[in-house]
Amino acid sequence: LGLDYVLFERKSKIGGNAWNGIANKWSKLQSEGPHYQLDYDLASGVDSLLPFNKYSYWPTRDEILGHFHDVCTEYNLWPNFVMSTQVMDLQISPAPKGYPEKYK
């Protein structure tokens, strides 16, 4: 899309509080793993499901966190992430001129 963005994550690892704070090593995804993934996008030609040789049918916390890390690395998302940073306040600025209307 060519959009500038920054992701702030309070935890030191991607996955938020649900996977890094609440889940434990025995936690598993409660839906079928192949349907829970970050990079399924028919518009971009990614139409495969999570491979069973790498992830179990009900992935564990560590498998989910590994998937998050792998996708962020594959798509070079890390430069846009600010880890170990808790956002305490937010001020919304108007979109700059020329910014696509559908993203305002």
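Author: Just after helix H2, Asn76 takes a positive phi of about 50°. Keep in mind that this is a predicted model, where local features need pLDDT of at least 70 and side-chain atom pairs count only at pLDDT 80 or more, while totals for chains, interfaces and linings use all residues. Residues are numbered from 1 along each chain as its sequence is written, and side-chain values use heavy atoms, with hydrogens and water left out.

Reader: Ok, where is Asn76 in the chain? And is it buried or exposed?

Author: Asn76 sits in the loop between H2 and S2. Buried means under 20% relative accessible area, exposed over 50%, and partly exposed in between (1.4 Å probe, protein chains only). Asn76 counts as exposed because its relative accessibility is 53%. Ser84, in the segment after S2, also has a positive phi, about 55°, although Ser84 is not a glycine.

Reader: Zooming out, how many helices and strands are there?

Author: The protein chain has 2 helices and 2 strands, and along the sequence they follow the pattern β-α-α-β. Of the 104 residues in the protein chain, 24% are buried.

Reader: Tell me about H2. How many residues does H2 have?

Author: H2 has 14 residues and reaches 20 Å from its first C-alpha to its last, close to the 20 Å expected. That expected span is 1.5 Å times one less than the number of residues.

Reader: Which residues of H2 are buried?

Author: Arg61, Glu63, Ile64, Leu65, His67, Phe68, Val71 and Cys72. What covers them includes H1 and strand S2 (81-82). As background, an α-helix has 3.6 residues a turn, so residues three or four places apart point the same way.

Reader: Switching topic: how many salt bridges?

Author: The count is 1, where a salt bridge is a side-chain nitrogen of Lys or Arg within 4 Å of a carboxyl oxygen of Asp or Glu. Asp62 pairs with Arg61, and their closest N and O atoms are 3.0 Å apart. Asp62 is partly exposed, at a relative accessible area of 45%.

Reader: Which residues does Ser27 touch, leaving aside its neighbours within four places in sequence?

Author: Ser27 is in contact with Pro59, Thr60 and Arg61. Ser27 lies in the loop between helix H1 (16-22) and helix H2 (61-74) and is buried, at 19% relative accessible area. A polar atom of the Ser27 side chain also lies 2.9 Å from the backbone nitrogen of Asn24.

Reader: Last one: how many aromatic pairs are there?

Author: The count is 1 aromatic pair. The rings of Trp78 and Phe81 have centres 5.3 Å apart and planes at 80°, so they are edge-to-face. The rule: rings of Phe, Tyr and Trp (its six-membered ring) pair if their centres lie within 6.5 Å, with planes under 30 degrees apart counted as stacked, over 60 as edge-to-face and the rest as tilted.

Reader: And are Trp78 and Phe81 buried or partly exposed?

Author: Trp78 is partly exposed, with a relative accessible area of 26%, whereas Phe81 is buried at 12%.

Note on methods:
Helix = DSSP H or I, 4+ residues; strand = E, 2+ residues; numbered from the N terminus. Polar contact = N/O pair within 3.5 Å; in protein donor to acceptor, adjacent residues only side chain to side chain. Contact = heavy atoms within 4.5 Å.
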